[in-house]
Amino acid sequence: MATTDDHRADLARGLVSLAVFTLTHRDVPVPSFVTVTHYAKGSDEEIRAEINRIAALLGTETAPGDAEHDHYTTAISFGPVTYQAVGILATATATATATATATARARYQAQTFYEGRTNLNPPAS
């Protein structure tokens, strides 16, 4: 899914709202770190190109990531908050079996199932 200006603004508003909430509700426990993940889509070549493009924009290096699941990644951290771009490659390497890759893709599909299906602005009651 291409990032639209509306999607980018909604994400930014959500992150700011979460930040304000965590500062104003000190009784609510918070995690020690947060990771925001963008999943690149396409063929292995398209995925590698997208991760390389993002790494250039971030000024970071790429990494093989989770080699067991054939991931290709880049990331930048802002203290305990990390933005990462992940590509799940289809080609099996010596350390990644087709089953592990299928499992990783299934995990990704489960994590992104509600993408575009949620309403960030529920009707007022």
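Author: Helices (H or I, at least four residues) and strands (E, at least two) are DSSP runs, numbered from the N terminus. The model is predicted, so local features need pLDDT of at least 70 and side-chain atom pairs pLDDT 80 or more, while totals for chains, interfaces and linings use all residues. Residues count from 1 along each chain as its sequence is written, and side-chain values use heavy atoms, without hydrogens and water.

Reader: Which element gives the most to the lining of the second largest pocket?

Author: On a 1 Å grid over the protein atoms alone, a pocket is an open set of points where a 1.4 Å probe fits, with protein on both sides within 12 Å along at least five of seven lines; lining residues have an atom within 4 Å of a point. Here 14 residues line the pocket, and L18, T22, P31, V34 and V81 lie nearest its centre. The most, five residues, come from helix 1.

Reader: Is T82 buried or exposed?

Author: T82 belongs to strand 3, residues 81–88. Buried means under 20% relative accessible area, exposed over 50% (1.4 Å probe, protein chains only). T82 has 17% relative accessibility, so T82 is buried.

Reader: Is G79 buried or exposed?

Author: G79 sits in the loop between strand 2 (71–78) and strand 3. Because its relative accessible area is 63%, G79 counts as exposed.

Reader: How far is G79 from V34 in space, C-alpha to C-alpha?

Author: In sequence, G79 and V34 are 45 residues apart. Their C-alpha to C-alpha distance is 9.6 Å.
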